[in-house]
Every structure is written in structure tokens, then in C-alpha cells.
Amino acid sequence: MTEQQPVPLTKTAPAPAPGAPASSAELRASDADRDRIADILREALAEGRLDPEEHAERIDATYRAKTVGELEPLVRDLPAVGAAGRAVGASPVPGAGGRGPQGARALPATDNLVAVFGGAMRKGRWRVRRTTNVLALFGGVEIDLTEALFEQREIVINISAVFGGVEIKVPENVTVSGGGAGVFGGFDIKGYEAPDPDAPVVVVRGFALFGGVETTRKRGKRLKNLRSY
């Protein structure tokens with residue numbers, strides 16, 4: 001007669017209950033979360049904490065991230081990590097991206113254009129955000145402001161071009177300023193001061209690594225209402 005082995009009394013961990021809340025790292029990242037991480041990375045680039053190649057790699061990973069947990073490691077070694085930790089997944093500022101006085105939903109203050117081994121474009125009649133972040137990684141981006149709607153006097157376009165190109169077309173009666181760095185590439189921002197002191201201002205800044213950035217004033221293209229903002 002064979003001797004029976006004792007049955008272990010250890011209990012298996014219970015399966016998570018359906019509908020249980022996910023951990024903070026598993027939460028889906030929002031566009032605002034990605035923009036806040038991108039801001040920290042741009043600051044690190046400006047301070048010399050990241051070189052252009054590292055910055056481009058992290059920016060690419062930022063806009064590919066699906067969850068908050070994928071975003072956190074991208075700024076963990078930067079001094080602004082505390083601010084990022086508070087910002088990622090945090091509640092938005094009251095009124096930001098919410099509804100305006102007439103009940104219409106306001107657009108976010110930031111727009112993102114990403115071209116990775118491809119192209120991206122903004123043209124025609126479109127509402128320009130206060131800040132536009134552009135990443136051209138082995139790709140091309142075209143931004144045409146000649147028919148755009150300006151809802152604030154100054155807009156900022158932040159560009160990271162790595163083995164890619166960015167072209168910005170502006171109307172004749174808009175002020176253009178800014179500048180950036182070209183490393184084995186070109187960053188050609190043709191500054192221009194519009195005669196009208198109330199004209200919109202387009203500020204372009206960033207860098208081009210084995211790539212190119214260019215602004216072009218389109219002859220005959222003029223904003224009809226300079227004070228629409």
C-alpha cells in the first residue's frame with residue numbers, strides 16, 4: 001500500500017476582481033501627459049543635460065508611449081522628474097481643455113506633429129494652437145500658416161528634426177522670429193518684423209541633426225484679420 005503525500009495548504013493569490021482600478025503606471029497616457037514630458041525633455045536639451053540624439057530618441061518614445069508607466073522612465077534621470085511625477089496622470093488645470101463661456105469645447109493649448117519614416121502636414125483653414133511641437137525623424141513636416149486662424153498674438157513652434165525636414169510657410173504680414181541649432185544640418189529661420197505692431201508673431205526654435213528647418217514667406221498671402229485673436 002503506497003503512502004499518500006500530504007496536500008500543501010498554501011493558497012493561490014486571488015484573481016483581481018473584474019473592474020478593479022489599474023495602478024497609476026498602467027493608466028493610459030493622455031496628450032497632456034506626453035506634452036508635459038516633452039517640455040521637461042526640451043528644458044534638459046537647452047541646459048545641456050541631453051545631447052540632440054538622446055533628446056530625439058526620448059521625444060520619439062514620448063509620443064509613442066501608451067501608458068503613464070512608459071513615460072516615467074524617460075525623465076527619471078532629469079532634475080525635473082519630481083515635477084513630471086506630479087504632472088503625469090494628474091488632473092488637468094481647471095478650465096484647460098474644458099468648455100468656454102458659450103459652452104463650446106476649447107481646443108488644447110498644444111498641438112503635436114510627428115513624422116517618423118513618413119510625413120505630417122497642417123495646411124488650409126485650421127486653428128493654430130499656442131504651442132506646436134514638431135518631431136521629424138526620418139520624415140518630413142509641412143506647416144502652412146497662410147490660411148490659418150490665429151487665436152492668440154504669439155505662437156511658438158518647437159522643432160526637433162533628425163534626419164528629417166520641416167518647412168513652415170507664413171503670410172507676408174506676420175512677424176517671424178526665433179532660431180535654433182543645426183548639427184550637420186540647417187536651421188534657417190528668416191526673421192521678419194511686420195509693419196503692423198499688432199500682427200501675430202510666429203516664434204520658431206529647436207534643432208536640426210542631419211536635417212533641415214526652413215521658414216518661407218509666401219508672396220501674395222496675407223492674413224485678412226490681424227486682430228482675430
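Predicted model: local features only at pLDDT ≥ 70, side-chain atom pairs only at ≥ 80, totals over all residues.

Residues are numbered from 1 along each chain as its sequence is written, and side-chain values use heavy atoms, with hydrogens and water left out.

The protein has 4 helices and 12 strands, where helices (H or I, at least four residues) and strands (E, at least two) are DSSP runs numbered from the N terminus. Of its 229 residues, 38% count as buried, a word that stands for under 20% relative accessible area, with exposed meaning over 50% and partly exposed the range in between (1.4 Å probe, protein chains only). The accessible surface comes to about 13,500 Å², and 53% of that surface belongs to carbon and sulfur atoms; such areas come from the Shrake-Rupley method with a 1.4 Å probe, and for residues only the protein chains shown count as cover. Among contacts between residues at least 6 apart in sequence, 66% join residues at least 24 apart, a contact being heavy atoms within 4.5 Å.

The strands can be followed through their pairings, where two strands pair if DSSP finds at least two bridges between them. Strand β1 (110-116) runs parallel to β4 and is joined to it by 7 bridges, with V114 standing opposite L135 in β4. Strand β4 (131-137) is in turn joined to β7 by 7 bridges, and these two strands also run parallel; here T132 has I157 as its bridge partner in β7, and V134 stands opposite I159.

T131 lies in strand β4. Leaving aside neighbours within four places in sequence, T131 is in contact with A109, T110, D111, V156 and N158. T131 and A109 are 22 residues apart in sequence, and their C-alpha atoms are 6.4 Å apart in space.

Another set of pairings involves β5, β8 and β12. Strand β5 (residues 140-144) is joined to strand β8 (residues 165-170) by 5 bridges, and the two run parallel, with E142 opposite E167 in β8. Strand β8 also pairs with strand β12 (residues 212-217) in the parallel sense, over 6 bridges, and G165 stands opposite G212 in β12.

Where is empty space left inside such a model? Rolling a probe the size of a water molecule over the atoms shows where empty space is left. A search of the whole structure finds 1 cavity of 30 Å³ or more, and the largest cavity has a volume of about 70 Å³. On a 1 Å grid over the protein atoms alone, a cavity is a set of points where a 1.4 Å probe fits but cannot get out, and lining residues have an atom within 4 Å of a point; grid points are joined across faces, edges and corners, and the volume is the space filled by probe spheres set on the points.

F138 has its place in the loop between β4 and β5 and counts as partly exposed because its relative accessibility is 41%. Not counting residues up to four places away in sequence, F138 touches V116, F117, G118, V162, F163 and G164, and the C-alpha atoms of F138 and F163, 25 residues apart along the chain, are separated by 4.8 Å. F184 is found in the loop between β9 (175-183) and β10 (186-188), has a positive phi of about 55° although it is not a glycine, and counts as exposed because its relative accessibility is 68%. F210 lies in the loop between β11 (201-209) and β12; its phi is near 55°, a positive value in a residue other than glycine, and F210 is partly exposed, with a relative accessible area of 41%.

Key. 1 Å grid on protein atoms, 1.4 Å probe; cavity = no way out; pocket = protein on both sides within 12 Å on 5 of 7 lines; lining within 4 Å.
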